[in-house]
4 protein chains.
Amino acid sequence: MSEEELMIQQLFNEEKLTDKQKKIIVAAIESFSEKGYSATSTSEIAKKAGVAEGTIFRHYKTKKDLLLSIVAPLMTKLIGPFVVNDFNKVLDRKYDRVEDFLKATIENRREVLIKLLPVVKILLQEIPFQPELREQFFEQIAKKIFDRVSLIIKGYQEKGELIEMPPESVARLAITSILGYLFSRYVLFPQLEWDDELETERTVQFIMHGLGKK
Amino acid sequence: MSEEELMIQQLFNEEKLTDKQKKIIVAAIESFSEKGYSATSTSEIAKKAGVAEGTIFRHYKTKKDLLLSIVAPLMTKLIGPFVVNDFNKVLDRKYDRVEDFLKATIENRREVLIKLLPVVKILLQEIPFQPELREQFFEQIAKKIFDRVSLIIKGYQEKGELIEMPPESVARLAITSILGYLFSRYVLFPQLEWDDELETERTVQFIMHGLGKK
Amino acid sequence: MSEEELMIQQLFNEEKLTDKQKKIIVAAIESFSEKGYSATSTSEIAKKAGVAEGTIFRHYKTKKDLLLSIVAPLMTKLIGPFVVNDFNKVLDRKYDRVEDFLKATIENRREVLIKLLPVVKILLQEIPFQPELREQFFEQIAKKIFDRVSLIIKGYQEKGELIEMPPESVARLAITSILGYLFSRYVLFPQLEWDDELETERTVQFIMHGLGKK
Amino acid sequence: MSEEELMIQQLFNEEKLTDKQKKIIVAAIESFSEKGYSATSTSEIAKKAGVAEGTIFRHYKTKKDLLLSIVAPLMTKLIGPFVVNDFNKVLDRKYDRVEDFLKATIENRREVLIKLLPVVKILLQEIPFQPELREQFFEQIAKKIFDRVSLIIKGYQEKGELIEMPPESVARLAITSILGYLFSRYVLFPQLEWDDELETERTVQFIMHGLGKK
DNA sequence: AATGAATGAGAATTCATTCAT
DNA sequence: TATGAATGAATTCTCATTCAT
């Protein structure tokens with residue numbers, strides 16, 4: 001229970017949830033991420049949560065409502081640090097070298113990812129099928145992060161630390177590499193043993209210098 | 001109809017399919033990739049295919065059967081060139097430089113991807129939920145490709161063209177970058193205008209030299 | 001609010017109702033008469049009344065209880081004047097001519113009908129399905145009115161003002177004509193413009209002399 | 001079964017209905033007319049019809065669909081004779097006297113009414129709550145009949161057989177009297193003994209000459 | 001007295017699958 | 001081989017009613 005409790009707190013820190021509501025959320029996250037949204041029945045969630053099926057619908061008008069109420073707050077969490085911290089730190093010269101910025105970014109995104117992994121899985125699964133989600137994701141998340149990252153990139157380009165290339169391409173390549181790492185690490189091969197510090201270092205080095213021998 | 005016909009031919013080149021079977025497959029691919037496997041009803045597929053509901057079950061014992069019969073052949077297509085061509089070409093010194101190999105790889109994978117995009121989407125969507133699929137994919141595809149690629153990497157490393165790093169990490173980083181490109185190009189932002197040759201070149205350069213200014 | 005307040009006063013003049021109770025009654029009348037008893041949910045009534053769902057059941061043990069508590073007092077109102085006034089007035093020679101009696105009857109029934117129209121609708125709707133209601137209605141209302149009216153009819157027949165015909169038939173024909181008028185006027189075509197005085201006159205004339213040309 | 005079979009034939013003479021469909025219709029008519037549309041559950045209908053609940057929804061997309069498919073054809077039956085027969089007979093001088101026309105009208109409407117009484121009940125019950133029904137009824141039935149009747153009335157007025165009064169009022173008074181009779185006869189007091197010929201005669205006489213003593 | 005969360009039975013509807021034709 | 005009516009279990013959702021606060 002403690003881990004799920006944590007997840008809930010992470011996601012719904014401000015909102016007041018009744019005890020049953022929490023149980024419903026936990027059960028729903030578990031089932032959705034294990035079997036997918038469509039393949040999960042509300043009766044199953046109710047049983048797992050130990051509540052009556054009607055109780056679910058008292059709190060969430062529809063099944064989709066439940067899904068959105070779980071996934072939507074994740075979005076905020078995902079953009080959090082970009083909005084608040086990183087950008088300023090770059091400007092404040094806290095991350096003088098690109099490497100430092102990348103490392104820090106990977107590290108703090110990894111934490112969120114681990115804690116909210118099941119919800120992230122749900123989000124990834126459902127984005128293609130839920131227009132509301134997709135829109136929210138692209139408008140609020142992808143775009144914002146992209147803009148923010150583009151600015152940061154331009155900053156480093158002006159300092160002569162990054163090659164001249166349209167910021168969008170730079171962003172795509174860098175983000176892709178980072179997500180590729182996190183995805184391999186936590187989704188595709190979580191069962192393998194990973195030396196996280198080493199792989200992070202490698203990923204950063206890769207992004208900076210590629211795979212070719214100098 | 002011609003495009004779907006093409007897809008079908010690509011996927012089922014050896015097998016004999018009746019006319020109705022083809023229609024069912026086409027309809028199923030369309031629906032599965034649009035709404036997901038679980039959210040698609042067989043009656044919907046039947047309607048779209050213009051056949052009776054019973055006809056589907058004459059050809060495919062269950063709904064999952066239908067899914068597997070669509071997705072399984074894709075796997076073979078995905079590993080095709082690695083098995084047959086590329087490796088030998090590398091050994092034959094056809095791709096003397098890593099860059100050439102990467103470029104060729106990206107190019108011919110892109111073609112398959114475009115033609116079979118809907119089926120690829122279905123595969124990606126369902127891998128997490130269908131143990132048979134996951135197993136098939138990991139054992140037959142991911143592992144094979146990884147092994148093959150590792151060998152190729154070692155070859156280039158021995159020739160002093162790639163940095164010294166465990167081949168798995170090299171593979172991960174390279175594959176991730178390529179898939180990241182293809183994924184951005186065809187799944188996330190197909191609506192943007194892409195200069196494919198340029199972006200391929202950039203991706204290759206990125207893999208080789210990274211983003212840092214020399 | 002004032003019109004509903006009026007309706008409530010009309011229906012529950014003697015009883016003490018709390019503020020919430022009044023709101024519940026008003027909301028229930030509105031919903032029942034708009035959508036029918038079965039198709040109206042208690043939660044809907046609660047919302048419309050601005051009270052908690054539980055509050056309804058504090059005052060009315062069941063939903064049907066609520067219905068009966070609304071409809072039952074209407075019955076008393078419906079027979080009111082027959083019991084109290086009209087009959088005596090006829091005996092007292094206040095209505096010497098049948099025409100005067102009919103006119104007065106139509107007029108004062110019309111008032112009640114307008115004020116309590118929504119409740120009348122509910123009664124009409126539910127009589128076929130609620131045995132308690134039907135029984136109450138037939139035993140206490142229909143029969144009483146019929147008896148009373150029969151006496152009046154006999155009175156006028158004895159005075160030679162009405163044709164010789166079994167009083168039940170006379171009653172049926174007369175009542176039918178009056179109700180037919182009120183029903184057309186207020187239920188079927190309330191949106192048409194009606195010259196009430198003229199139509200009342202026509203109805204009375206029709207009852208007395210029919211449609212044939214003398 | 002024979003009586004219901006008859007009703008079905010009356011209502012759906014042209015359409016091809018499967019055996020189960022007929023059973024569903026019969027069961028639905030029975031239940032709807034006994035308990036009302038909203039208070040009848042589809043599972044109840046299924047049980048009564050001896051079919052699986054799913055079977056109902058194979059033939060009728062929704063419960064309301066079922067209702068409409070039962071009630072809609074009634075409308076056609078209701079206006080039938082006015083459209084086809086009566087009017088022409090009047091013009092053809094078959095009904096030279098108003099009395100004859102009235103008598104014939106009452107008689108043939110009574111037959112339809114008896115055979116389709118349960119469906120008529122459903123129609124009356126649901127018209128206030130189903131806008132589609134209401135509209136259909138007013139536009140297609142009420143209006144048509146009214147127009148037709150108005151013409152007939154004018155015809156008799158010109159022949160000097162009916163008093164001068166706006167045809168709408170004449171129609172209202174006459175129709176009201178006829179329906180009042182049929183309603184009393186079949187809906188309100190079917191349990192009483194009725195001498196139909198006598199009461200029809202009385203109703204006709206009433207319409208022509210009223211209740212006053214000449 | 002009033003609330004509103006919780007319930008569980010039951011509502012309408014969907015769905016994968018079967019089977020007689 | 002193909003059909004599509006039929007099924008009955010399961011699904012989402014509603015609702016009257018209860019009860020702790």
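I take a salt bridge to be a side-chain nitrogen of Lys or Arg within 4 Å of a carboxyl oxygen of Asp or Glu. By that rule I get two across the interface of chain A and chain B. One of them joins the side chains of Arg172(A) and Glu199(B), at 2.4 Å from N to O.

Ground rules: this is a predicted model, where local features need pLDDT of at least 70 and side-chain atom pairs pLDDT 80 or more, while totals for chains, interfaces and linings use all residues. Residues are numbered from 1 along each chain as written, chains are lettered from A and ligands numbered from 1 in the order written, and side-chain values use heavy atoms, without hydrogens and water.

Next, the A/B interface. I looked up its contact (heavy atoms within 4.5 Å) and found 42 residues from chain A and 43 residues from chain B. The buried area (accessible area, 1.4 Å probe, lost by two parts on being put together, summed over both) is about 3,500 Å², with 63% on carbon and sulfur atoms. On the chain A side, Phe129(A), Arg172(A) and Leu211(A) lose the most area to chain B, together 21% of what that side buries.

Then I checked other chain pairs. Chain B and chain C do not touch, with nearest C-alpha atoms 31 Å apart. No contact joins chain A and chain D either; their closest C-alpha atoms are 20 Å apart.

Last, DNA strand E. I count a residue as near if one of its heavy atoms lies within 4 Å of the strand, and 32 residues surround it, Thr55(A) and His59(A) being among the closest.
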